[in-house]
Amino acid sequence: METRQQLRQHLFETLIPTPASAWPADGADLLELGLDSLRVMQLLVFVEERLGVNLPDHEVTPERIGSVNALVEWIDASARA
Amino acid sequence: MDRRERPGLTPDHAVILPMPESLYKLLQDAATKHGGRIALVAGDHSMTYAELLYASDRAAAYLAGHGARPGRRVAFCFRKSTDAIVALFGLIRTGATYVPLDPAWPVERIRTLCRDAEISLWTGTDPPPAVPGIVASVTSKTKSEGGASLDSAAEIEPDGAPPQRPPDGVTNILYTSGSTGQPKGVEITERSLLHFSQWVVATFGLTAEDRVANHAPYNFDLSTLDIFAAVRAGATMYPVPERVKMFPYQLAEFIAEKKITTWYSVPSALIMLQLRGRLEVHDLSELRHVIFAGEVMPKSALQGLARRLPNAAFTNLYGPTETNVCTWHRIEERDLTSDEPIPIGRPIDDTRVWIVGEDGAEVGNGDSGELLVAGPTLTAGYFGDGSSTDHRLIPAPDGRGRAYRTGDRVSRGNDGVLMFHGRLDRMIKCRGHRIEPGEIEAVLCRHPNVKEAAVIPIPDPVFGNRIRACVAAHDDRSIQEPELASLCRNELPSCMLPDEWRLVDRLPRTDRGKVDYARLAAAETPNSPDGTERVRVGQSPADGD
């Protein structure tokens with residue numbers, strides 16, 4: 001499964017469970033949708049352990065975590081690094 | 001007899017008494033002694049104490065013109081900002097009782113609390129939601145179009161009236177989770193805030209040179225240290241922006257850049273800093289006090305922090321919202337090396353504590369029982385709820401006033417130091433927030449397909465606890481976890497949202513018919529192939545699927 005799909009599934013099935021008919025667009029602001037400090041931590045653990053991509057702590061910013069689009073871009077860049 | 005002749009009722013009576021200390025006087029004194037010093041820095045905005053007093057005087061007159069006065073309760077719903085602090089001291093000066101609400105809460109919760117507190121005036125960063133009863137609002141700057149804004153307050157002349165005080169002594173009402181399904185309003189007195197801030201300044205030696213971070217939201221009692229102790233000392237307040245709080249590396253950067261000297265937060269914020277803040281790359285040498293409260297600090301995290309912050313003294317404060325802080329423990333070398341949990345310590349000044357068994361009699365050293373607390377920081381009661389007040393505030397064992405039944409299981413060692421052993425009821429601590437499972441269960445049971453629900457804590461090394469919701473549908477109905485999650489998001493603050501869901505056929509019960517929470521906590525099954533988790537915890541493994 002591609003990164004985007006895995007991320008969306010983890011976000012909207014586990015971290016911010018949302019009825020399938022109401023899954024937000026990939027540009028939606030995840031912090032507004034309820035991604036709080038606990039869930040940010042869980043998201044990072046998911047990316048590192050399940051997607052196998054190491055995300056440097058100093059790069060974790062609201063901009064990079066703010067939407068599915070931003071996350072995918074950041075994860076892809078980190079995977080290449 | 002002419003009323004004016006009665007002793008004690010002359011109009012001059014108040015004037016000839018010595019001026020008592022008041023919260024507003026803390027600000028006036030700071031402006032007198034440290035007028036040119038920076039009182040607060042929020043984003044690009046900063047204010048000196050002289051400017052803060054000037055603005056607060058005007059805000060008070062403006063807010064009074066919109067209905068703030070002694071005996072009234074006013075909503076206070078601000079994001080961290082200079083406006084918030086100006087409005088806060090403005091409201092204090094009017095003698096109104098302010099009710100802090102978190103702008104991040106769902107609208108439905110804000111409505112419920114406004115109704116419960118009988119709010120007629122709203123102050124906030126943004127305008128209020130539609131709530132019957134709110135007849136006026138004063139908001140931040142340009143946010144309100146055509147409405148009253150705090151900006152306009154700067155243009156009016158203060159009315160010169162002396163600062164008023166609340167007739168019942170209640171400065172603010174902090175809402176906490178309630179076991180019956182409705183939040184409870186804890187009445188915080190001016191006396192409590194004056195006493196606590198004095199104790200903090202003396203104990204930690206706060207001075208005008210200090211830079212105090214404000215991490216906790218305004219509706220959380222931890223923020224009273226950051227605000228009132230800082231003003232009493234003439235120190236500078238640094239509200240931590242919401243988005244910085246969520247990102248440990250940026251939070252560490254904030255502490256370094258602002259040269260924060262005094263930090264007070266729940267342990268989970270510090271644990272996140274220790275795990276992901278990369279403390280080793282930041283210059284945190286200015287940090288001299290790291291204070292935590294609200295839940296149990298794990299020993300390993302404390303050891304990690306102590307290694308990275310050699311200049312900081314660590315202190316554990318303890319106390320439910322109803323007592324603000326009532327005991328404290330300064331972390332010593334032996335606390336870092338021993339295997340024992342961190343003590344909650346000894347009572348703060350003028351505070352008395354007892355540990356009593358179920359029969360109400362004091363237990364011996366080493367035995368655990370319920371902690372009772374009496375002293376100046378005690379709440380006046382629960383707003384509009386006399387029966388809860390009488391249930392929790394009982395006559396003090398020494399006959400001097402009332403004592404609060406904390407519901408916490410505590411023991412006292414031979415050295416007089418208190419240890420915390422958990423709750424006597426079902427209350428959950430999660431990231432320092434107290435959460436009554438009954439409140440989440442009540443929301444879940446509002447779903448028409450839900451027959452019963454039980455909420456239990458699952459211990460978590462970083463966040464204290466995670467919340468597991470176990471839900472059973474009516475026999476002929478079905479439910480899905482996203483639906484339930486949405487329902488909760490519409491009514492509950494994010495700290496109360498379940499982290500795990502278990503859909504069950506029925507809740508397990510004990511022989512006496514009570515929900516068997518221990519079995520719910522033990523229930524674990526792997527995910528089924530379709531990704532949903534369906535656990536038959538009501539049945540023994542033999543009759544499962």
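How many cavities of 30 Å³ or more does a search of the whole structure find? The search finds two.

The model is predicted: local features need pLDDT of at least 70, side-chain atom pairs count only at pLDDT 80 or more, and totals for chains, interfaces and linings use all residues. Residues are numbered from 1 along each chain as its sequence is written, chains are lettered from A and ligands numbered from 1 in the order in which they are written, and side-chain values use heavy atoms, with hydrogens and water left out.

**Figure 1. Overview of chain B.** Chain B holds 17 helices and 28 strands. These are DSSP runs numbered from the N terminus: helices are H or I of at least four residues, strands are E of at least two. The radius of gyration is 24 Å, close to the 24 Å of the globule rule for 545 residues, so chain B is as compact as a globular protein of that length. That radius is taken over C-alpha atoms, and the rule is 2.2 Å times the number of residues to the power 0.38. Along the principal axes, the C-alpha atoms fill a box of roughly 80 × 55 × 55 Å. Of the 545 residues, 58% are buried. Buried means under 20% relative accessible area, exposed over 50%, and partly exposed in between (1.4 Å probe, protein chains only). Among contacts with a separation of 6 or more, 64% join residues 24 or more positions apart. A contact means heavy atoms within 4.5 Å.

**Figure 2. The largest cavity.** Its volume is about 50 Å³. Strand S4 (97-100), strand S8 (170-176) and helix H8 (223-233) of chain B each give two or more residues to the lining. H8(B) supplies the largest share, four residues. The lining consists of B:Leu88, B:Tyr98, B:Pro100, B:Asn172, B:Leu174, B:Tyr218, B:Ser223, B:Thr224, B:Ile227 and B:Phe228. By class, seven are nonpolar, three polar and none charged. Nonpolar covers Ala, Val, Leu, Ile, Met, Phe, Trp, Tyr, Cys and Pro; charged covers Asp, Glu, Lys and Arg; the others, Gly among them, are polar. A cavity is a set of points on a 1 Å grid over the protein atoms alone where a 1.4 Å probe fits but cannot get out, and lining residues have an atom within 4 Å of a point. Points are joined across faces, edges and corners, and a volume is the space filled by probe spheres set on them.

**Figure 3. The second largest cavity.** This one has a volume of about 40 Å³. Its lining is B:Ile255, B:Trp263, B:Leu270, B:Leu273, B:Leu279, B:Leu284, B:Leu287, B:Leu305 and B:Leu309. Nine lining residues are nonpolar, with no polar and no charged ones.

**Figure 4. Strand S12 of chain B, covered on both faces.** S12(B) spans residues 262-265. B:Thr262 and B:Tyr264 lie on one side, B:Trp263 and B:Ser265 on the other, and all are buried. In a regular strand the side chains alternate between the two faces of the sheet. B:Trp263 also lines the second largest cavity. S12(B) runs parallel to strand S13 (residues 289-292) of chain B, joined by four bridges. Strands pair if DSSP finds at least two bridges between them. B:Tyr264 has B:Ile291 as its bridge partner in S13(B).

**Figure 5. Parallel strands around B:Gly124.** Strand S5 (residues 121-124) of chain B runs parallel to strand S6 (residues 136-139) of chain B, with four bridges between them. S6(B) also pairs in the parallel sense with strand S7 (residues 148-149) of chain B, over two bridges. There, B:Val138 stands opposite B:Ala148. B:Gly124 lies in S5, and its bridge partner in S6(B) is B:Thr139. B:Gly124 is buried, with a relative accessible area of 0%. Leaving aside residues up to four places away in sequence, B:Gly124 touches B:Cys77, B:Phe78, B:Val138, B:Thr139 and B:Ser140. The C-alpha atoms of B:Gly124 and B:Asp102, 22 residues apart along the chain, are separated by 9.7 Å.

**Figure 6. Buried residues of helix H16 of chain B.** In H16 (residues 481-491), B:Leu484, B:Ala485, B:Ser486, B:Leu487, B:Cys488 and B:Glu491 are buried. They pack against helix H5 (107-116), helix H15 (437-444), strand S25 (450-460), strand S26 (464-473) and strand S27 (500-504) of chain B.

Figure 7. B:Asp350 has a phi of about 65° although it is not a glycine. B:Asp350 is exposed, at 58% relative accessible area. B:Arg431, also not a glycine, has a positive phi of about 50°. B:Arg431 sits in the loop between strand S23 (428-430) and strand S24 (433-435) of chain B. B:Arg431 is buried, with a relative accessible area of 9%.

Note on methods. 1 Å grid on protein atoms, 1.4 Å probe; cavity = no way out; pocket = protein on both sides within 12 Å on 5 of 7 lines; lining within 4 Å.
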